[in-house]
Amino acid sequence: MAFKQLSALLAIAAVANAAPPRRVACADGVNTVTNAACCALFPILEDLQTNLFDGSECGEEAHESLRLTFHDAIGFSRTLGGGGADGSIVTFSDIETVFHANGGIDGIVEAQKPFIAAHTLTPGDFIQFAGAVAVSNCPGAPRLDFLMGRPLPKAASPDLLVPEPFDNTTKILARFADAGFTPNEVVALLASHTVAAADLIDPTIPGTPFDSTPGLFDTQVFIEVQLKGVAFPGTDNTEGGVISPLGGETRLQSDFEISRDPRTACEWQSFVNNQVKMQTDFKAAMRKLSLLGQDENRMIDCSEVIPVPPVLTTKPHLPAGKTRADIQAACIFSPFPAITAQAGPATTVPAVPGS
């Protein structure tokens, strides 16, 4: 018996003292990886950062590349089909970019096509890789996972699988449930709106952000969507938009309703002053989104190639000119978190450059 116990202890000690996984040196003489196949991503990373993302900026192309990951992947339904995160929105762009819900997505599709042609990734892999790299440029963002190995798409996605900003919460939650997402995961995915802007909600004011800090992956969108509306940022009564609390800011009807719906309001509020929770939940939901329609067991985890995002140095706050009286809290189970207002004149939000 004593010999068996000693053997077991020695086995445990051997595992504890095992060497870390052997790393493979890439041909560039600079990078090392766990799986040699991931070495091929470093030249693509450099090309993206230099030539698409304007020197690693969290700007228009980065925002649109993140948007593209969703519009490609959500083309998946347990009942209606679709290949999910397969790159069909690029391969069959003549079909999918004319879907109403994909309005304006043709710009980033056309921008990415030359990069796809110049490198070895399939369209599905490229879209998700570019999206993860794009997010890494935004201070405060999580470091997203990237798994490589998506096959070429076989067909275009069916229409009507991408939710619209004028859809009600019940319809949006049902669409996501059909793709395998819970209401809490839907709210987590909407953290993407912290680095997003609208071009077509009101075409007279393209590049109108959804929060006051579109270059930061912070929690401001979860704060500002819950403020009292004052006016439309441009044309009144645009489809998919509602009255905004700040000049120069667009508030989507869908965000407005999800933030106030009993099924999602408390989860929405939970992100207001919890950057770590938002990062963690968004990363998990994005991984799930990026694998829709794919066989994870046949893929290679190359997440280590994705750069580490810059650290966020700001704190959650009410925009200057707002007070707690402007908050329209909707969670009945907990009070709205205590946050202070910025000092200075009332906040107005400039458009995202390059829109």
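Glu-64 is buried, with a relative accessible area of 10% (buried is under 20%, exposed over 50% and partly exposed in between, with a 1.4 Å probe and protein chains only). The model is predicted: local features require pLDDT of at least 70 and side-chain atom pairs pLDDT 80 or more, while totals for chains, interfaces and linings use all residues. Residues are numbered from 1 along each chain as its sequence is written, and side-chain values use heavy atoms, leaving out hydrogens and water.

Glu-64 forms a salt bridge with Arg-67, with the closest N and O atoms 3.6 Å apart; the term denotes a side-chain nitrogen of Lys or Arg within 4 Å of a carboxyl oxygen of Asp or Glu. By this rule there are 14 salt bridges. Arg-67 is partly exposed at 26%.

Asp-145 pairs with Lys-283 in a salt bridge at 3.7 Å between the closest N and O atoms. This pair links distant parts of the chain, 138 residues apart: Asp-145 is in the loop between α7 (123–136) and β3 (147–148), and Lys-283 in helix α13 (residues 275–290). Asp-145 is partly exposed at 22% relative accessibility, as is Lys-283 with a relative accessible area of 28%.

Note on methods. Helix = DSSP H or I, 4+ residues; strand = E, 2+ residues; numbered from the N terminus.
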